[in-house]
Amino acid sequence: MGKVLMKGNEVIAEAAVHAGCKYFFGYPITPQSELVAYMARRLPEVGGLFLQAESEVAAINMVYGAAGTGVRVMTSSSSPGFSLKQEGISYLVGAELPALIVNVVRGGPGLGNIQPAQSDYFQVTKGGGHGDYHTPVLAPSTLQEIIELTEAAFDIADRYRTPVILLGDGMLGQMMEPVEFKNLTERQPGEKDWTTTGTRGDGKPRIITSLELNADALEKRNEKLQHKFALIKQNEVRYETYEIEDADYIVTAYGTAARIAMNAINNARADGLKIGMIRPITLWPFPEQPFIETRDKVKGYISVEMSAGQMVEDVRLAVNGKAPVTFFGRTGGVVPTQEEIYEYIMKVAGGVEV
Amino acid sequence: MEEILIAGFGGQGVMSMGQLIAYAGMKEGKYVSWLPSYGPEQRGGTANCAVVVSGEQVGSPLVSQPTTAIVLNNPSYYKFEPTVRPGGLLIVNASLISKTSERTDIKVMNLKATELANELGNPKIANMILLGAFLEITGILSDESILEALKKVLSPEKHSLLEINKRALELGRLSTKVGI
């Protein structure tokens, strides 16, 4: 197939089709509407179904219904619309249903604006809806990586019977970059022995629900969920490191912020400073290991985010007081420039109190 | 690494200029990225896009200090003229921008692109004239790659416009030598 130039939102959609997703329920919102539009055109071509719901709440509940039949299904939105889906995501977790939910984050809180942001980190990594739960969160930083992680997201969703979140931002959604779809064989969801597609008289009725009125039984169910989360933490952590072996300071950033910070790090390296990077790819489970391995050696960590400081809390937990952790961020849809990140790195490395 | 910023009114073809450069760069095996400004826009408002063409994987697709800025209207001139990196290039659509840059640390090319486009018979082609000038001065991409990219960007029913686009590119190249 070779390389093609595509918008990030379209790459997510095409990658989902490649991953065997045939069902999409959604509602348009900037800056992710191209994803919805692409699916409207594309899914009928592969014998799938696209439906524009009357609202985000309706869309996520349609996802719940479709997921119960065992098909690969997804929805997508941007921050305010994603908030509306939170109730449904909690239900998906409770009922143990696999699905992909995409959040192309924009500036908040409230209606905010349509510019890129990373201010939904808390919401996606700490549960977001009601009840004791986590959802795996994958955060690509290039359009090629979107392909890899969209496929991985569907696999993780099926493997653990859980909704999975793909977290982008307005910049990743709107930009174009060459991508290559290497895996041309369409993936299949695999056998599922829990779907509600009718017993045809050959077995007991199956029930999919998040309701459990008996407290002891609900506690048991929660313990089972917690066990599942522990397994995900054990098996699904993903991250990338860059030049951390000799680093005095390690920048940590994900998604778009990581791309920009990478330029600043290279410039700082060219000026003789030993700066490295840890780039979390799964935000939950958060990659603690690279911090544990470096925290006794480095002079400090710098978390760079397009938020007022959210991932930095997980960085501090992983570093556990063994080294100073500082933060640089811009909010409200402002994307930090590599120059200002570079200046901040220089300040911290130069020993300026920040 | 070329970091290009293209800016003008919505409708002047600044987004497609950027996409053509990105497509052509990809065809020539380079790493590219294209990033549009996508604020709340209005008809006649300003639009811009950032394109990076590089021999290595593109880090930041944001361009804050362009190696080349191509500006097609007054607001874009005032916004981006000061940001061009020293040693860089500023290409100005002098048909719509009366101010002339006084910077001595950059190369400035003033082209009456809209007038030249009118002479070619299609005012919409001004962007391709400026693109031709950009290609001539920087030499980063061949006309063939750009024209191949154009075939991708233009829907088949608009392929009749390929010829005038080609002539606009040539005119743009030529005008950098004679100084129009």
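Modeller: Buried means under 20% relative accessible area, exposed means over 50%, and partly exposed lies in between (1.4 Å probe, protein chains only). The model is predicted, and side-chain atom pairs count only at pLDDT 80 or more. Residues are numbered from 1 along each chain as its sequence is written.

Colleague: Why is B:Asp143 called buried?

Modeller: The relative accessibility of B:Asp143 is 13%, so B:Asp143 counts as buried.

Colleague: What makes the contact between B:Arg173 and B:Asp143 a salt bridge?

Modeller: A salt bridge needs a side-chain nitrogen of Lys or Arg within 4 Å of a carboxyl oxygen of Asp or Glu. For B:Arg173 and B:Asp143 the N to O value is 2.9 Å, so the pair qualifies.

Colleague: Why is A:Glu148 called partly exposed?

Modeller: Its relative accessible area is 45%, which lies between 20% and 50%, so A:Glu148 is partly exposed.

Colleague: Why is H1(A) called oblique to H2(A)?

Modeller: Helix H1 (residues 8–18) and helix H2 (residues 33–42) of chain A pack at an angle of about 40°. Angles under 35 degrees count as roughly parallel, over 145 as roughly antiparallel, 65 to 115 as roughly perpendicular and the rest as oblique. An angle of about 40° falls in the rest, so H1(A) is oblique to H2(A).

Colleague: How do you know that A:Arg42 and A:Glu14 form a salt bridge?

Modeller: Their N to O value is 2.7 Å, which is within 4 Å, so the pair meets the definition. This pair links helix H2 and helix H1 of chain A, 28 residues apart.

Methods
Chains are lettered from A and ligands numbered from 1 in the order in which they are written. This is a predicted model: local features need pLDDT of at least 70, side-chain atom pairs count only at pLDDT 80 or more; totals for chains, interfaces and linings use all residues. Side-chain values use heavy atoms; hydrogens and water are left out. Axes are lines fitted to C-alpha atoms, for helices over the stretch in contact, and angles run from 0 to 180 degrees between N-to-C directions. Helices (H or I, at least four residues) and strands (E, at least two) are DSSP runs, numbered from the N terminus.
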